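Me: I am new to this structure. Please take me through it in short steps.

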Amino acid sequence: MKIGNIAFTSRYPVFLAPMEDVTDIGFRLLCKQFGADMVYTEFVSSDALIRHVRKTKEKLTICEEERPVAIQIYGNDPDSMVEAAKICEEANPDAIDINFGCPAKKVAGRGAGSGMMKTPGLMLEITEKVVKAVGLPVTVKTRLGWDENSRIIVTLAEQLQDCGIAALTIHGRTRSQKYTGEADWTLIGEVKNNPRMHIPIIGNGDLVTPQDCKRRFDETGVDAVMIGRASYGQPWIFSDVKHFLETGELAPKQSFSWYLDVLKQQVMQSVQRLDERRGILHIRRHLAGTPIFKGIPDFKPTRIALLRANTVEELFTVMDEIPEKFGIR
């Protein structure tokens, strides 16, 4: 499979989804270390970028070790999106991705992200202008439609392809669903198997286990899958998925302390990138979401202690006590 000039040798490419406050450079590098074939930045506001907002410009920081990496932008004004894409191009990513999928009210409610599903004409105008403005491959991430009465993705996919995009990622929900219910991969498969489509189709939504990924590859024939929320607090999910896709067998479980050490690595990367206070606040989403603590009896007080820790020393002390306290190896 190729996205523009980016060649993927894996039979089953697995990507890390762009996620706000999640896919910072530290987490991307960890996911890459564990086998992610491509990673994406947090989404970048085109309006904030062209106003040179410092925190937004910091999101453009990428490094050689994480390639191939795409910078994702969002907005609802064609001129602003073009200018933002040009700024992103100067950061030298491997691709630029346009976010037409975010369901958050502060984004979609202003007509950006999945709010574009209400104005497909404007979506296509933005896409075509961005493609023409930059020399990098431009990709799009979107949803099935605005709601159940406007699941327009099959037709829209062809129109986006006509704009010149190099690949299309589809999340199997409408905007009105946000993240509720189950992702519907039926239309993703319909887009992939449309004989008029020739660009890579990447499927996204409810990919929680290695078996989920294999099933979606087999059922729909997608060119790649993209893992989002299931990566919270477990960047090793990529090595587990790749192992299963390549061998048909589940990867051997590591020791509990091994998983704790990976989480500690995440903590330290976050602290070094920000500072101790902000770094710990940032990492709490991963500590709350990691599956390694799920199912441990009477773990609630320890979970609260983890999420209330304000220093690395305090946090690591709580983490180090878990194996002996709960008899886990």
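Me: In this predicted model, which helix holds both arginine 216 and glutamate 219?
Reply: The two residues are three apart in the chain, about one turn of the helix. Residues three or four places apart point the same way, because an α-helix has 3.6 residues a turn. Their closest N and O atoms are 3.1 Å apart, a salt bridge. The helix that holds both is helix 9.

Me: Which residues are joined with Arg216 and Glu219 into one network?
Reply: The network comes from salt bridges that share partners. Besides Arg216 and Glu219, its members are Asp212 and Arg215.

Me: Is arginine 216 buried or exposed?
Reply: Its relative accessibility is 12%. Buried means under 20%. Therefore arginine 216 counts as buried.

Me: How many residues apart are aspartate 24 and arginine 273?
Reply: These two form a salt bridge, with closest N and O atoms 3.6 Å apart. Aspartate 24 sits in the loop between strand 3 (14-16) and helix 1 (25-33). Arginine 273 belongs to helix 11 (residues 256-273). The pair links distant parts of the chain, and the separation is 249 residues.

Me: Which residue's backbone nitrogen does a side-chain oxygen of aspartate 24 reach?
Reply: The contact is at the start of helix 1. The oxygen comes to within 3.0 Å of the nitrogen. The nitrogen belongs to glycine 26.

Me: What covers the buried residues of helix 1?
Reply: The buried residues are Gly26, Phe27, Arg28, Leu30, Cys31 and Lys32. Among the strands covering them are strand 3, strand 4 (39-45) and strand 5 (69-74). The cover also includes helix 10 (237-247), helix 11 and helix 12 (276-289).

Me: Where is lysine 59, and which backbone oxygen lies 3.3 Å from a polar atom of its side chain?
Reply: Lysine 59 is in the loop between helix 3 (54-58) and strand 5. At 19% relative accessibility, lysine 59 counts as buried. Its contacts include Glu20, Thr41 and Val44. The backbone oxygen belongs to phenylalanine 43.

Me: Which element gives the most to the lining of the largest pocket?
Reply: This pocket has a volume of about 690 Å³. Of its 25 lining residues, the closest to the centre are Glu42, Lys55, Glu58, Lys59 and Arg273. Helix 1, strand 4, helix 3 and helix 12 each give two or more residues. With five residues, the top contributor is strand 4.

Me: How many residues in the lining of the largest pocket are charged?
Reply: Six of the lining residues are nonpolar and six are polar. The charged ones number 13.

Me: How many residues in the lining of the second largest pocket are nonpolar?
Reply: The volume of this pocket is about 580 Å³. Its lining has 27 residues, with Pro18, Met19, Tyr179, Arg229 and Tyr232 nearest the centre. Seven are polar and six charged. The nonpolar ones number 14.

Notes
Residues numbered from 1 in each chain as written. Predicted model: local features only at pLDDT ≥ 70, side-chain atom pairs only at ≥ 80, totals over all residues. Heavy atoms only, no water. Salt bridge = Lys/Arg side-chain N within 4 Å of Asp/Glu carboxyl O. Helix = DSSP H or I, 4+ residues; strand = E, 2+ residues; numbered from the N terminus. Buried < 20%, exposed > 50% of the residue type's maximum accessible area, 1.4 Å probe, protein only. Contact = heavy atoms within 4.5 Å. Polar contact = N/O pair within 3.5 Å; in protein donor to acceptor, adjacent residues only side chain to side chain. 1 Å grid on protein atoms, 1.4 Å probe; cavity = no way out; pocket = protein on both sides within 12 Å on 5 of 7 lines; lining within 4 Å. Points joined across faces, edges and corners; volume = space filled by probe spheres on them. Nonpolar A, V, L, I, M, F, W, Y, C, P; charged D, E, K, R; others polar.
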